[in-house]
Amino acid sequence: MDIQFTEEQELLRSSVQRLLRDQYDFEARRKIVASEEGFSRTQWEAFAELGLLAAPFSENAGGLGGGPLSTMIIMHEFGRHLVVEPFLETVVLAGSLIEHAGTPEQQQAFIPGIVDGNKIWALAWTEEVSRFDFANVTTTARREGNDYVLSGTKTMVIAAPWADYLIVSARTSGDDRDRAGVSLFVVDRRAAGLDLQSFKTIDGRRAAEISLREVRGQLLGREGKGVALLEAGRDRAIAALCAEAVGAIGELNSATLDYSKTRKQFGTTIGSFQVLQHRMVDMFIAHQEALSLMQHLSLNLSAGDPGLSRLASGAKSKIGYAGKFVADQAVQLHGGMGMTDEFNVGHYFKRISSINIQFGDPAFHVLRYAQLDAAA
Amino acid sequence: MDIQFTEEQELLRSSVQRLLRDQYDFEARRKIVASEEGFSRTQWEAFAELGLLAAPFSENAGGLGGGPLSTMIIMHEFGRHLVVEPFLETVVLAGSLIEHAGTPEQQQAFIPGIVDGNKIWALAWTEEVSRFDFANVTTTARREGNDYVLSGTKTMVIAAPWADYLIVSARTSGDDRDRAGVSLFVVDRRAAGLDLQSFKTIDGRRAAEISLREVRGQLLGREGKGVALLEAGRDRAIAALCAEAVGAIGELNSATLDYSKTRKQFGTTIGSFQVLQHRMVDMFIAHQEALSLMQHLSLNLSAGDPGLSRLASGAKSKIGYAGKFVADQAVQLHGGMGMTDEFNVGHYFKRISSINIQFGDPAFHVLRYAQLDAAA
Amino acid sequence: MELALSPEDAAFRDEVRAFIRDHYPEEMRVPNPETDLTKEQSLLWHRILYKKGWIAPLWPKEYGGPGWSITQRFIFEQETSRAGTLPPLAFSVTMVGPVIYTFGNEAQKKKFLPRILSGEDWWCQGYSEPGSGSDLATVRTKAVREGDHYIVNGHKTWTTLAQHADWIFCLVRTDPNAKPQSGISFLLIDMKSPGVTVRPIITIDGSHEVNDIFLENVRVPVENLVGEENKGWTYAKFLLGNERTSMAGIGRSTRYIQKLKRIVKAEIPADDPAHLEFLRDIARIELDVLALEATELRVVAQMARGIDPGPAASLFKIRGTEIFQDITELIHRAIGNYGLAIREHPVSANRFMPGPEHAHTASEKYLNSRKLSIYGGSNEIQRNIIAKAVLGL
Amino acid sequence: MELALSPEDAAFRDEVRAFIRDHYPEEMRVPNPETDLTKEQSLLWHRILYKKGWIAPLWPKEYGGPGWSITQRFIFEQETSRAGTLPPLAFSVTMVGPVIYTFGNEAQKKKFLPRILSGEDWWCQGYSEPGSGSDLATVRTKAVREGDHYIVNGHKTWTTLAQHADWIFCLVRTDPNAKPQSGISFLLIDMKSPGVTVRPIITIDGSHEVNDIFLENVRVPVENLVGEENKGWTYAKFLLGNERTSMAGIGRSTRYIQKLKRIVKAEIPADDPAHLEFLRDIARIELDVLALEATELRVVAQMARGIDPGPAASLFKIRGTEIFQDITELIHRAIGNYGLAIREHPVSANRFMPGPEHAHTASEKYLNSRKLSIYGGSNEIQRNIIAKAVLGL
């Protein structure tokens with residue numbers, strides 16, 4: 001059903017909207033992406049001041065207790081503005097892993113730094129052949145005193161070049177691809193033995209390949225139970241990414257609609273061509289359905305529904321296909337404009353393409369959805 | 001490449017066209033389908049007189065030596081007129097199995113009866129759970145003297161109610177689903193112990209479920225090698241069915257195009273709506289591609305290409321999807337008319353639906369095509 | 001997916017569920033209720049709902065409606081469709097009834113409404129004509145005033161279940177000189193009137209659901225005119241726009257997906273690569289249904305707050321029919337070779353049908369459901385409607 | 001699939017194959033030749049073909065063509081594209097050359113044709129303008145006659161590789177009062193003329209392939225007018241209609257499918273259910289290519305017999321681009337997480353790129369190929385063209 005936002009939620013939404021409208025238009029974003037660092041610490045501080053970085057955390061953990069619905073609200077607006085700052089990585093992924101799996105000491109040590117905007121985090125789980133499988137881990141960790149020592153290579157770690165801390169998955173027991181025996185570790189990004197090779201991503205972010213040579217890290221959560229933690233983290237990340245995708249879809253639809261009403265070809269606006277009208281109707285329907293499913297997922301996440309992980313995969317898949325369809329058509333209907341780097345439509349296309357890769361593509365998740373049903 | 005027909009082939013084509021134009025219009029077909037027997041012996045005799053039932057057989061076997069290209073020509077025209085008579089079952093399937101696998105005695109005993117139109121045949125391979133797998137056979141055959149005795153149940157045997165003879169697959173050794181150990185047998189349709197339960201098919205044909213209780217039959221081909229024979233027979237049947245489908249697709253396209261030029265809605269012909277124009281363009285493209293692939297397959301079948309069976313599966317799949325798309329859209333564009341039994345479009349739809357089931361649906365064949373590649 | 005219900009609404013839902021469980025007639029549970037029931041059988045459930053006072057959820061209380069909230073109506077719709085009950089005749093209760101109580105005079109209300117509710121009168125719809133398709137304004141059936149009667153001549157088509165009907169509501173042209181949409185009147189005609197002939201149209205699934213109706217010099221008393229002469233187009237649009245809260249067919253689709261899953265499990269071995277493909281295709285359709293259902297719930301919640309649903313009915317019509325067509329196609333594919341067979345109509349127990357029972361209606365359902373994207377305003381027309389609403393053209 | 005070739009044609013095919021194998025420059029085999037080569041590097045193969053006399057298969061022999069049959073041209077096209085050679089610049093050889101030798105005067109033929117063949121002049125195309133899109137008749141760039149010169153002012157856009165160009169052929173408006181398609185002239189402009197400015201347009205894949213061209217009071221000698229003033233639309237249409245025998249891109253698609261198969265084998269374990277899905281998707285695309293290739297061969301055979309190919313070029317454009325877009329998308333999907341990375345342009349060996357080499361250009365190819373359904377007359381326009389030809393409207 002339609003979520004009727006509480007006053008607090010409405011306030012959150014309108015304040016994010018105002019901030020981004022004032023400070024994060026497409027030109028401002030271009031400058032941020034083109035800057036040396038590739039993201040804006042000023043913006044990050046503004047997010048912190050507005051309480052965005054505290055919003056989803058429970059009040060016990062020093063947050064505002066907004067939960068998944070506040071994440072949904074924030075990410076939806078971030079999607080509309082193509083925000084590149086690592087809210088997903090720092091708050092939704094690392095923050096929630098620390099909150100859910102960390103010891104009280106770890107929570108006290110790390111969450112305040114996230115909430116006040118001082119520390120940025122990234123999650124390093126991908127390896128060369130892991131594809132979308134959390135259990136496919138060859139990086140190893142062995143115990144040494146109270147700490148662990150990690151060795152191996154992680155790749156495609158988004159936001160790593162910006163990060164102060166990494167959460168790294170590594171194998172403490174079992175064979176490659178065993179579900180059991182994977183553990184999570186907090187690693188300082190500037191730790192000895194850790195090397196970073198940075199590169200750009202298609203959606204204007206930065207990522208890195210990370211080599212670990214006997215790097216010290218501290219265990220996060222129970223040893224050997226990392227896959228389950230990552231799966232729960234993925235469910236939360238999916239809800240956030242779905243909201244971001246729906247924000248982007250909405251913007252693409254309104255941009256395309258506006259364009260179709262002004263752009264002329266053969267003496268008439270292209271919006272008068274029935275083929276393009278029906279295309280835009282299907283884009284509208286895709287947006288409506290994606291929006292509904294996004295709300296449904298975030299509500300279920302808030303309620304802690306037991307079938308949540310299956311639902312998350314389903315939503316990732318359905319919203320992923322919807323996003324791909326809308327992005328393809330938005331570029332097509334914009335013609336040459338859709339292909340240029342100067343114009344925003346292509347950047348929404350690329351962000352949606354990225355969302356459809358992060359944590360598994362729509363084909364992966366629809367099969368996961370099907371197989372969890374068959375197993376039930 | 002485009003087949004340039006020989007004079008003989010052109011003659012065959014024009015004579016089939018003339019016969020069907022004169023005697024097999026949609027009203028004539030309706031009467032045939034509604035008749036007690038459900039097919040026309042008069043038509044069948046006319047086919048025999050015209051040499052159609054002899055066309056693909058080699059001259060040695062008493063045929064005209066026209067090979068797969070003559071089958072393609074005939075089936076393409078049959079597809080255009082929705083001919084229900086069992087040419088596929090009698091000539092393409094049973095005829096070629098006897099010609100390829102029969103002993104000289106069997107060829108002499110059976111082919112003349114086919115060629116002169118006196119005997120009708122059907123192929124009984126399907127069983128309750130066989131789906132599209134020739135090796136999934138529970139009907140058994142055991143040797144008794146020179147003959148075999150068959151027991152079991154065959155289902156969905158098209159044309160069986162019309163047939164004088166059946167070719168039946170049965171297991172002579174091995175377990176259910178073993179490729180080896182399946183053999184083919186010629187069985188008299190009126191043999192003792194054989195019972196038939198007839199029913200109608202969606203495309204206006206008749207079929208039957210056949211129960212065999214200790215029914216005598218004679219071996220066709222080598223014992224235990226039935227699956228390979230059936231596969232080769234399927235390749236030939238696919239080439240014929242593809243030609244029939246392309247004939248039906250062509251008719252649907254021209255009917256839809258004509259309708260779109262005369263049918264008015266909202267004060268204009270529906271052919272002036274851009275959405276329907278583009279739909280018809282895609283139908284045109286589907287027809288062109290299907291036609292090309294049909295020719296390519298029949299040429300390769302004539303040449304005895306070693307990759308033929310993979311190609312046959314590929315063509316069955318691609319032409320199947322093309323047919324389904326065209327049939328769906330032809331019904332949709334004809335509106336209510338497309339839904340009525342009185343009008344021809346729905347019957348093309350149903351014949352294409354049937355073709356897409358016979359010997360495996362497009363999804364089955366595209367996987368087979370993929371897996372034969374992966375195995376190569 | 002369930003609405004987050006108030007305790008009262010939850011109690012209502014439980015009451016509806018229990019009532020269906022205890023009272024839905026066993027003899028209506030045949031393989032294909034749409035085609036396999038006699039007129040009398042298909043009225044059984046109508047009469048039970050009538051006695052319960054639940055036959056007309058959308059009607060105002062004064063005319064015999066139950067006085068439910070939007071949420072209650074939605075719950076009722078959802079529960080009955082999930083349980084697979086045969087809906088009461090839409091042409092009577094959902095379509096002509098509201099026209100009569102909104103635009104009819106007191107005599108008409110008094111005469112017709114009680115008989116609609118009780119099921120005594122079976123109504124059919126005389127909108128489509130040969131050549132009209134989705135463009136209803138091209139009505140050619142003529143009604144000429146002669147004293148206290150109209151003399152009606154014309155040809156209506158695609159008339160659903162007219163073979164059972166007692167009455168037909170018709171669009172007729174009363175002013176041949178006016179513009180297409182003016183000059184149309186809304187007339188109620190007794191099917192027993194001399195000059196009314198019903199001719200069956202058999203559809204490609206072999207069933208007799210729709211009909212041609214020929215009207216030859218049919219004398220219709222002027223008191224059967226609804227509202228004003230030449231204002232019929234207004235009432236016709238009202239009727240078309242009298243959108244039900246549930247056009248998406250979620251309940252029906254959900255039931256058929258369950259059926260599809262059972263068939264796939266029975267027919268396709270788990271080690272067949274087709275099995276995984278079916279699971280994937282089923283998953284995609286389940287997600288389509290889930291997204292549509294979430295959208296429907298969102299719209300219902302908005303309507304309950306007084307927000308205009310916009311072109312939602314067209315969206316539900318498009319997606320609901322596309323989804324159901326996909327499901328019937330998958331079922332038809334899942335049964336493999338048995339998809340070649342089709343039951344003969346009228347259905348008889350003596351006629352042999354091969355294969356397992358779950359396959360027996362697959363072909364006819366697959367073929368019959370091709371109509372869904374055509375009837376009731378083709379999906380192309382629905383997209384035009386949304387284009388207008390969305391593009392603002 | 002191979003044409004059933006005569007012995008002479010088969011010998012010709014073998015000769016072409018051997019020539020490519022022995023002479024295609026190794027330094028042109030970079031990850032993405034379209035963006036990673038310098039101007040000089042991309043001309044290497046052009047010059048080799050020129051020396052061999054094979055640079056202009058479509059040109060008449062008198063202007064430097066090789067005098068091949070339709071079948072030989074097709075074989076050459078097929079062999080070069082299958083071998084993955086970078087095609088010679090189409091704007092010079094395929095586009096402006098035929099316009100000059102068909103409509104140009106003797107002086108123009110003498111001046112331009114040899115330099116096109118040798119690769120001395122690099123041409124670009126000045127057709128599109130901001131706002132014109134697929135509707136080329138809306139040319140707004142003005143050319144005003146002033147003595148022996150035209151003074152040209154305007155703005156051309158989407159000009160491919162203009163950064164390397166020596167000359168541009170332009171549509172300019174010489175009669176502002178005529179109807180859109182009249183009053184257009186076809187002008188050849190030296191890119192070194194004062195007033196010509198080239199501004200790069202970076203596309204979403206990060207590459208610099210297309211440009212804006214600003215023309216400010218550019219003085220163009222009247223001898224650079226092709227044909228008659230105000231008849232340019234005729235020449236422009238001739239150029240657009242000068243369809244190559246192979247627009248379907250079979251060779252390129254076939255090569256990329258092979259690449260896709262290697263990537264799927266390397267990246268996705270056989271026991272991952274995604275593996276079978278990829279095999280299925282690849283099979284479907286292979287069959288699309290096969291059907292398109294069979295169609296192309298059928299059309300070539302018909303053309304060799306003098307049969308009009310009808311709207312075949314539009315069919316090949318639509319399906320060829322749809323297929324190639326599908327392939328680049330599957331490759332991008334097959335590399336999984338590496339699809340997030342993109343190479344920086346201009347390419348430098350010092351910049352790190354993660355993942356296996358076969359993945360390095362996947363993102364840019366995926367993004368860049370989105371243009372294919374837009375450029376060269378969008379696929380919607382191509383469908384309009386076929387609709388006209390098929391529907392006879």
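UniProt positions are given in the numbering used here, feature names are shortened, and annotations may be inferred rather than shown by experiment. The structure is a predicted model, in which local features need pLDDT of at least 70 and side-chain atom pairs count only at pLDDT 80 or more, whereas totals for chains, interfaces and linings use all residues. Residues are numbered from 1 along each chain as its sequence is written, chains are lettered from A and ligands numbered from 1 in the order in which they are written, and side-chain values use heavy atoms, with hydrogens and water left out.

According to an unreviewed UniProt entry, residues 6-117 of chain A carry the annotation "domain: Acyl-CoA dehydrogenase/oxidase N-terminal". This span is 70% helix and 0% strand, and its end C-alpha atoms lie 26 Å apart; helices (H or I, at least four residues) and strands (E, at least two) are DSSP runs, numbered from the N terminus. For chain C, an unreviewed UniProt entry places "domain: Acyl-CoA oxidase/dehydrogenase middle" at residues 124-217. Here the content is 0% helix and 54% strand, with 19 Å between the end C-alpha atoms.

Between chain D and chain A, 49 residues of chain D are in contact (heavy atoms within 4.5 Å) with 48 residues of chain A. The buried area, defined as the accessible area (1.4 Å probe) that two parts lose on being put together, summed over both, is about 3900 Å², of which carbon and sulfur atoms give 60%. Six salt bridges (a side-chain nitrogen of Lys or Arg within 4 Å of a carboxyl oxygen of Asp or Glu) are counted between these chains. One of the salt bridges joins Arg199(D) and Glu342(A), with an N to O distance of 3.1 Å.

Between chain B and chain C, 48 residues of chain B are in contact with 49 residues of chain C. The area buried between chain B and chain C is about 3900 Å², with 60% given by carbon and sulfur atoms. Arg131(B), Gln332(B) and Met339(B) supply 20% of the area that chain B buries against chain C, more than any other three residues. The salt bridges between chain B and chain C number six, including that of Arg177(B) with Asp271(C), whose closest N and O atoms are 3.2 Å apart.

Within chain C, Gln78(C) is found in helix H4 (residues 70-82). Gln78(C) has a relative accessible area of 12% and is therefore buried (under 20%; exposed is over 50%, partly exposed in between; 1.4 Å probe, protein chains only).
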